[in-house]
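Please keep the sequence and the structure in view while reading.

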Amino acid sequence: MAKYKNHVLVCGGTGCRASQGEEIVQNLNRILEENGLEQEVQVVRTGCFGFCEKGPVVKMVPDNTFYVQVSPKDAEEIVKEHLVKGRQVERLLYIDPETKKQVSESKNMGFYKKQIRIALRNCGFINPENIDEYIARDGYASLGKALTEMKPEEVIKIIIDSGLRGRGGGGFPTGLKWDITRKVESDQKYVVCNADEGDPGAFMDRSILEGDPHSVLEAMAINAYCTGADKGLIYIRAEYPLAIKRLKIAIEQAREYGLLGSDIFGTGFNFDVELRFGAGAFVCGEETSLIHSMEGLRGEPTVKPPFPSESGYKGKPTNVNNVETYANIPVILMKGAEWFSSIGTEKSKGTKVFALAGKVNNVGLIEVPMGTTLREVIFDIGGGIKDGKKFKAVQTGGPSGGCLTDKHLDIPIDYDNLLASGSMMGSGGMIVMDESDCMVSMAKFYLDFTVEESCGKCAPCRIGNKRLYEMLHKITEGKGTEADLDNLRNLSNVIKDTSLCGLGQTSPNPVLSTMENFWDEYIAHVKNDNCPAGQCKALMQYVIDEEKCVGCTLCSRVCPVDAIAGEKKAPHVINPTTCIKCGACYEKCKFGAISIQ
Amino acid sequence: MANIKLPAAKVDELKEVCKKFDNDGGELINVLHAAQEMFGYLPAEVQELVAEELNVSVAHVYGVVTFYSFFSMIPKGQHPISICMGTACYVRGAEKVLDEFKKHLNVKVGETTDDGKFSISCLRCVGACGLAPVVTVGERVYGRVAPEDVKGIIEEYL
Amino acid sequence: MDIVQLTIDNKKVVVEKGTTILEAAKTIGVDIPSLCYMKLEDTNFENKPGGCRVCVVEVEGRRNLAPACKTECSEGMTVNTHSVRVVNARRTVMELILSDHPFECLVCAKSGDCELQSLAQKLGIREIKYTGAKSTYKGDESPAIIRDMDKCIMCRRCETACNDVQTVGVLSAINRGFESVVAPAFEMDLDHSTCTFCGQCVAVCPTGALTERDSSSKVMDAIVNPTKTVIVQTAPAVRAALGEEFGMEPGTSVTGKMVSALRKLGFDYVFDTDFAADLTIMEEGTELLDRLSKHLAGDKDVKLPILTSCCPGWVNFFEHQFPEMIDIPSTAKSPQQMFGAIAKTYFADQLKQKREDVVVVSVMPCLAKKYECSREEFAVNGDPDVNISISTRELAQMIRNANLNFEALDDEDFDKPLGESTGAAVIFGTTGGVIEAAVRTAYEVHTKKPLERLDFEELRGMEGIRSATIDFDGLPINIGIAHGLGNARKLLEDIKAGKSEFHAIEIMACPGGCIGGGGQPYHHGNVDILKKRQRAIYEEDKGKVLRKSHENPFIQKLYAEFLGEPCGHKSHELLHTHYYDKKKKIEI
Amino acid sequence: MTKVKSLADLRKMKEELANKVQLREKSDHPDKIVQVKVSMATCGIASGAKEVMNHIIEELDRQAIDAVVTQTGCMGYCYAEPTIEVTLPSSNPVVFGYVDFKKANEIIAKYIIRGELVDGIIPVNYETVNDKKND
């Protein structure tokens with residue numbers, strides 16, 4: 001390090017107590033100057049440490065000491081004790097909850113290990129368009145080991161023992177699925193990678209394919225070796241052009257290196273991969289619809305059984321797995337089943353990638369071990385709610401999932417807990433909402449999505465979801481009745497019970513879970529025509545405050561439906577029935593006399 | 001039905017594509033992607049040609065084209081504007097951005113402006129939720145779009 | 001063949017492995033309601049997309065309800081078909097379907113035959129709790145079939161019929177979600193598409209979405225018009241099915257009652273298409289022997305095998321799909337059109353009336369006949385040989401309209417001369433019948449020896465493609481038979497590939513032949529009805545005195561007085577036609 | 001392109017490549033090699049990563065700094081795109097967020113040349129399974 005001897009990093013993330021961070025920086029600089037150290041020590045603001053419940057955080061470099069819950073007035077002590085005398089300020093050190101010992105080195109802090117990246121291990125570290133960098137990080141070693149030293153049954157046993165379950169949302173044990181496909185006799189079998197990722201708000205598959213395409217190719221080859229297939233297909237949605245480009249490059253390079261094609265590793269095992277493009281249909285995330293789409297047909301599902309493992313693409317046994325599931329396979333073979341099953345909870349092993357988005361400060365792609373709580377994900381890694389607003393709900397599982405509230409924040413995330421609390425793991429989309437989001441409108445948004453994306457083959461989903469949407473629309477327009485609420489519940493349950501495929505069987509979840517957790521909001525909409533979150537325009541009233549209104553008549557002139565009456569210079573009144581709530585008067589009024597209730 | 005004539009060069013090109021997929025009906029969606037790339041959209045005449053080449057019925061091709069939202073039978077604007085309506089973008093106000101676009105271009109979703117310059121469509125989650133709300137114009141992606149920015153974006157392409 | 005044991009509504013059931021719950025339940029008299037399921041055994045028509053979800057039942061240990069039509073029985077399965085959960089689900093699904101259906105039962109053509117209507121009655125649906133928008137689509141009034149797709153419930157039967165059975169491929173599901181429906185490409189009208197009007201989609205449609213164009217009012221206008229002499233001709237397959245419309249046992253032949261009813265409706269002359277069927281045999285039989293002798297004499301470019309041409313759906317099929325083979329089928333017109341040509345010349349002369357004052361009405365088991373009689377080449381300066389064609393269902397509606405008690409009518413006979421026919425003509429109504437009639441005449445004309453065995457069992461039955469070799473006194477004649485256009489396509493492909501060693505092939509567009517026509521009373525998927533109608537046809541043939549077409553005295557009189565000899569100059573002019581290449585070209 | 005005939009081939013290739021990467025980092029010849037990785041996922045590119053990468057390459061050439069600039073996948077910090085990771089020789093990689101042209105120049109001038117830290121550092125809040133450097 002040239003000029004500066006050491007640095008003080010102060011967390012300046014937009015989360016927790018960001019403003020205090022500023023004061024700390026100013027105090028530190030002031031005191032450093034008083035002690036003539038401003039040349040040797042540089043104070044730097046950084047992004048969020050992801051440590052918000054212990055913020056503001058200060059990190060001393062190069063000795064990596066971590067001070068937590070630092071207040072502006074501690075600045076003096078830090079400079080005097082640590083920088084001048086070189087003694088750590090005991091009082092501010094982080095106490096590790098388990099070991100109860102003070103920990104200063106940031107690396108081995110329990111908290112620091114919140115995230116473990118298995119599926120995303122190479123994303124952001126290697127150049128995805130250069131196969132060498134993938135090989136440099138043990139790329140294709142698992143495939144080599146499997147092909148040359150192991151029998152298919154042995155590989156499958158490891159996958160079963162690891163406890164890996166499908167990451168696409170269903171959570172079906174991957175090892176079991178591979179075993180079933182292996183046992184079916186057939187002259188031709190296929191392995192398929194489901195990269196349709198239709199869930200809105202989910203982008204982990206895209207990041208893996210753009211950041212580490214080879215891990216998926218290697219895993220598909222291992223899958224093919226286990227199940228006895230020699231052809232692989234990647235069904236990728238047309239909305240991901242960059243991922244398609246990188247996959248094509250990766251496939252080309254893998255073929256050149258002999259890691260795809262014929263006689264791989266000289267073991268006589270042949271396997272090659274082709275791309276198949278989606279064309280904008282969420283339902284094609286469902287296995288059988290995906291297969292029909294790859295066969296050039298309308299993406300309509302068929303009743304299971306027969307499962308694709310018995311008869312799938314072109315009627316042949318087909319093993320379909322999600323991108324993230326595949327990304328875990330090479331590591332499991334490399335580091336063994338015991339290591340993998342040591343991570344996660346009792347029935348959900350390993351890690352899950354979440355796309356944290358919505359009203360959260362640090363929107364990001366994170367990978368946390370199963371069992372991490374929602375609170376840690378949203379408030380620590382996510383940096384809390386944007387603009388300091390109050391947390392209201394988090395939606396997981398996309399249009400098939402549900403909304404979870406603060407009473408679920410401390411539930412360890414895994415397949416079964418999320419299902420039990422009325423939502424679903426889904427592909428991992430996690431949308432955070434604050435008090436300004438109306439839950440009835442959220443349910444309506446998801447139903448609008450499902451109505452648009454339903455394939456139309458079966459009556460309950462084709463017509464039922466449309467009726468759910470229409471009822472929710474009525475409620476958000478203030479025309480809903482109590483009877484509608486009962487109809488909503490009954491119809492939702494019947495749609496779940498009778499729909500042909502996963503889309504229809506889960507599309508009512510957003511309705512049922514918002515009714516379960518925010519019943520009072522539904523009642524507010526229906527009974528007293530009020531939208532607590534203030535999002536449903538139709539339920540808002542524009543009101544003129546007599547004191548503030550000076551009678552300048554500007555609002556009455558701009559009102560498109562002449563709903564404002566009043567003499568010049570006298571306070572005006574808005575007629576609530578004719579008012580169409582366009583907000584024109586609200587924008588025009590210079591005296592702030594108009595408010596929304 | 002054939003009210004427009006297809007340029008002969010393009011017809012041969014499309015036949016070549018079909019041959020590349022060895023005229024297999026199972027490759028219909030790949031062929032349709034290529035065709036939409038070539039003609040910009042999929043008029044009835046192109047669908048009839050594809051049906052002929054892959055020997056599947058025209059009704060089947062039309063069934064597939066109307067099923068997938070990616071395929072369009074009306075020409076997209078020179079600058080196709082797509083507003084992401086995924087959950088993350090919706091929660092961050094994508095609807096207001098959409099209304100703003102509609103107001104400026106006075107076209108409904110799925111329609112093209114009369115001068116053929118712009119068309120508006122809704123996309124299902126482009127996958128850039130960090131930049132919500134997201135708007136794409138052709139290949140270019142605009143992040144963190146506020147209603148006020150809409151005017152500026154349109155002007156870039158006037 | 002391993003078997004499976006399960007319990008349905010706590011009754012023990014043993015079925016073959018692979019049987020579905022729906023079929024297993026039928027074996028113990030439990031008829032699980034369903035709207036999209038339909039299976040016609042040997043006509044390879046099976047439609048079970050599992051889409052309507054009305055047949056859902058409860059299976060113990062399963063998270064959601066199981067569709068009975070698709071779920072195969074497994075060992076030890078416990079099924080409940082009427083638990084509260086099932087009944088509530090079934091009613092709700094029905095309410096949903098009805099909430100997107102026009103309430104026009106009182107004026108709908110399918111009322112009384114509509115499966116949706118009868119199931120709604122059975123479940124006693126009185127109130128639709130979940131109302132909302134209804135999907136609406138472009139109407140289509142083609143000459144033979146009316147499409148009112150607002151009534152479509154997406155059961156996909158017509159799509160299966162048109163694609164898998166008939167391989168014509170005009171229909172496909174289009175759009176997605178709430179707006180999805182089954183329609184031709186670009187929702188064009190049927191008569192712009194390659195539709196052959198075989199009407200098999202109408203025959204399987206559970207609701208009023210697909211019905212036939214109703215021309216009965218035009219017939220009544222003609223009857224009440226004093227200046228017009230109205231002649232009616234009835235097809236062989238009509239008399240074997242008409243009774244069903246009045247609750248009579250399927251397979252009861254009602255020829256006599258039909259003739260009586262027609263007279264009571266006011267037709268001036270009640271004739272029989274069978275007369276023209278005998279005429280067709282004379283013309284086509286001669287054409288077959290003519291080609292055969294040229295072939296035997298070594299003529300290389302004579303077109304063999306000869307294909308029958310009496311089915312307009314089949315004619316439409318090869319004009320659209322195999323235009324390069326339009327010179328192979330026999331040039332003989334269909335019985336309907338031959339009858340029209342003779343009625344408007346030979347018989348009009350006898351009546352000393354202009355052809356424009358004679359109205360020929362045909363009663364057909366078929367919808368394609370409506371299209372056939374409207375083809376320009378079958379009209380003389382604008383006056384069609386056959387003015388109006390109505391289906392068996394429309395005739396039954398006219399009889400009900402006239403309030404006639406059909407069952408109580410006494411039998412009456414057809415008028416002379418165009419009402420007389422032989423047993424060979426009657427069997428035109430079923431698959432294998434036309435070729436058997438042709439064989440009976442061709443054998444005697446070719447060998448000059450009397451035919452001892454009249455019943456050619458080897459040509460009969462229901463299998464899609466059949467073949468037999470008939471010994472013409474030393475000369476083996478290979479006969480091929482196909483019913484259902486999918487099977488026809490297979491034979492045509494063999495001919496194109498030069499692999500076909502048949503001499504003559506009979507092709508009928510509808511499975512079962514004309515007895516399964518698109519205009520017949522609805523069979524609602526019960527294939528036994530077709531078999532019973534077939535039996536009735538062969539019964540009537542057995543009962544006839546004359547059973548070979550060339551023995552029909554009035555045919556002999558017609559040739560003597562009017563036509564000269566078969567395939568002669570006059571016959572060519574009146575009784576033969578040619579075909580057109582209707583394949584759509586891509587304009588560049 | 002070398003064809004991988006056997007597992008042994010692969011392992012040999014991996015060793016070579018791994019050394020080459022270390023070499024790049026631990027090389028102690030005077031003009032030390034700086035390694036810059038730019039996160040080029042869809043959202044990175046959408047927020048200008050491509051232009052920033054080209055700018056950095058030109059800037060480093062102009063100042064004759066021996067550096068290797070490569071693209072990489074998404075690092076996960078969507079809120080701070082475009083993000084780049086700079087690894088000075090024999091020191092831990094540091095991730096910078098909100099990197100526009102101005103910030104890129106600042107990073108080059110202050111951090112790469114003089115080793116001074118710059119505002120906007122994104123503390124890496126995860127460790128990856130097989131990335132030896134983090135353990």
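## Basis of the model

This is a predicted model, in which local features need pLDDT of at least 70 and side-chain atom pairs count only at pLDDT 80 or more, while totals for chains, interfaces and linings use all residues. Residues are numbered from 1 along each chain as its sequence is written, and chains are lettered from A and ligands numbered from 1 in the order in which they are written.

## Chain A

The secondary structure of chain A consists of 22 helices and 21 strands, where helices (H or I, at least four residues) and strands (E, at least two) are DSSP runs numbered from the N terminus. Along the principal axes, the C-alpha atoms of chain A fill a box of roughly 90 × 75 × 40 Å.

Of the 597 residues in chain A, 58% are buried; a residue counts as buried if 20 or more other C-beta atoms lie within 10 Å of its own, as exposed if 12 or fewer do, and as partly exposed in between, with C-beta atoms placed from the backbone. Two residues are in contact if their C-beta atoms, placed from the backbone, lie within 7 Å, and among the contacts in chain A with a separation of 6 or more, 70% come from residues 24 or more positions apart.

## Contacts between chains

Five pairs of chains are in contact, and chains A and D share the most contacts of these. Chain C and chain D, by contrast, are joined by no contact, and their closest C-alpha atoms lie 29 Å apart.

Between chain C and chain A, 28 residues of chain C are in contact with 25 residues of chain A. Helix H2 (residues 84–99) of chain C gives the largest share of the side that touches chain A, with seven residues. By class, that side of chain C has 14 nonpolar, nine polar and five charged residues, where Ala, Val, Leu, Ile, Met, Phe, Trp, Tyr, Cys and Pro count as nonpolar, Asp, Glu, Lys and Arg as charged, and the others, Gly among them, as polar.

## Domains of chain B

Chain B is assigned domain 1 (8–67) and domain 2 (79–156), with bounds that come from an automatic or database domain assignment. The C-alpha centres of domain 1 and domain 2 of chain B lie 29 Å apart.

## A hairpin in chain C

Strands S20 (residues 465–472) and S21 (residues 475–483) of chain C pair in the antiparallel sense over eight bridges, pairing being assigned if DSSP finds at least two bridges between two strands. Ser467(C) has Gly480(C) in S21(C) as its bridge partner. Two residues lie between the strands of this hairpin, in which Asp473(C) takes a positive phi near 50°.

## Backbone details

Most residues other than glycine have a negative phi, and most peptide bonds are trans. Asn23(B), in the loop between helix H1 (8–20) and helix H2 (28–39) of chain B, has a positive phi of about 45° and is partly exposed, with 15 other C-beta atoms within 10 Å. Asn403(C), in the loop between helix H12 (392–401) and helix H13 (423–426) of chain C, has a positive phi near 60° and is exposed, with 6 other C-beta atoms within 10 Å.

The peptide bond from Pro305(A) to Pro306(A) is cis, with omega near 10°, and Pro306(A) lies in the loop between helix H10 (287–294) and strand S12 (318–322) of chain A. The bond from Glu81(D) to Pro82(D) is cis, with omega near -5°, and Pro82(D) lies in the loop between strand S2 (67–72) and strand S3 (84–87) of chain D.
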